[in-house]
Amino acid sequence: MLLCFNFVMSSPEIASLSWGQMKVKGCSTTYKDCKVWPGGSRTWDWRETGTNHSPGVQPADLEEVVKKGVKTVVIGRGMSEALQVPLSTVDYLKKNGIDVLVLQTEKAVEEYNALAAQGVKVGGVFHSTC
């Protein structure tokens with residue numbers, strides 16, 4: 001598992017996104033899918049939680065980001081929105097007092113970067129293909 005840490009505890013900007021590739025500012029790694037939070041980022045390996053396009057993003061995929069004290073989580077469903085987000089996952093975030101945005105990945109990255117630029121404690125999980 002590859003981790004990138006920023007010593008500034010703000011949410012790192014997503015520097016670039018293209019099909020199958022994401023770059024996070026301050027990190028030399030190129031991700032396919034990634035998790036970001038205030039102070040860091042890492043690859044989002046679906047095998048860790050048995051995630052698949054359906055049923056989609058599980059609360060277990062988000063626990064690590066939630067534990068970083070985020071106020072908002074942005075979920076990128078992929079370029080063609082093939083990745084599902086069940087209501088149980090949205091409920092998990094809301095029960096933890098976290099706002100959630102579920103969007104197509106390009107829109108999700110735009111929203112995430114806008115929130116990060118405003119100083120919001122925002123985290124995210126992003127799928128960069130289908």
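The model is predicted, so local features need pLDDT of at least 70 and side-chain atom pairs count only at pLDDT 80 or more, while totals for chains, interfaces and linings use all residues. Residues are numbered from 1 along each chain as its sequence is written, and side-chain values use heavy atoms, with hydrogens and water left out.

**Salt bridges**

- The count comes to 7 salt bridges, where a salt bridge is a side-chain nitrogen of Lys or Arg within 4 Å of a carboxyl oxygen of Asp or Glu.
- Asp-33 pairs with Lys-32, their closest N and O atoms being 3.5 Å apart; Lys-32 is partly exposed, at 45% relative accessible area.
- Glu-13 and Lys-25 form a salt bridge of 3.7 Å, N to O.
- This pair links distant parts of the chain, 12 residues apart: Glu-13 sits in the loop between strands S1 (3-5) and S2 (14-18), and Lys-25 in the loop between strands S3 (21-24) and S4 (30-31).
- Helices (H or I, at least four residues) and strands (E, at least two) are DSSP runs, numbered from the N terminus.
- Glu-13 is partly exposed, with a relative accessible area of 37%.
- Asp-45 and Arg-47 form another salt bridge, with 3.0 Å between the closest N and O atoms; Asp-45 is partly exposed at 21%, whereas Arg-47 is exposed at 72%.
- A network of salt bridges links Lys-35, Arg-42, Glu-48 and Glu-64.

**Strands S7 and S8**

- Strands S7 (residues 72-76) and S8 (residues 99-103) run parallel and are joined by 5 bridges; two strands pair if DSSP finds at least two bridges between them.
- Gly-76 has Leu-103, in S8, as its bridge partner.
- From S7 the chain passes through helix H2 (residues 87-95) to S8, in a right-handed β-α-β crossover.

**Nonpolar cores**

- The largest nonpolar core has 18 residues, and those with the most contacts inside it are Val-57, Leu-62, Val-73, Ile-75 and Leu-93.
- A nonpolar core is a set of buried Ala, Val, Leu, Ile, Met, Phe, Trp, Tyr and Cys residues joined through side-chain atoms within 4.5 Å.
- Another core, of 16 residues, lies apart from the largest one and includes Cys-27, Cys-34, Tyr-112 and Val-122.

How values were computed
A crossover is right-handed if, with the strands pointing away from the viewer, the path from the first strand over the helix to the second runs clockwise. Buried means under 20% relative accessible area, exposed over 50%, partly exposed in between (1.4 Å probe, protein chains only).
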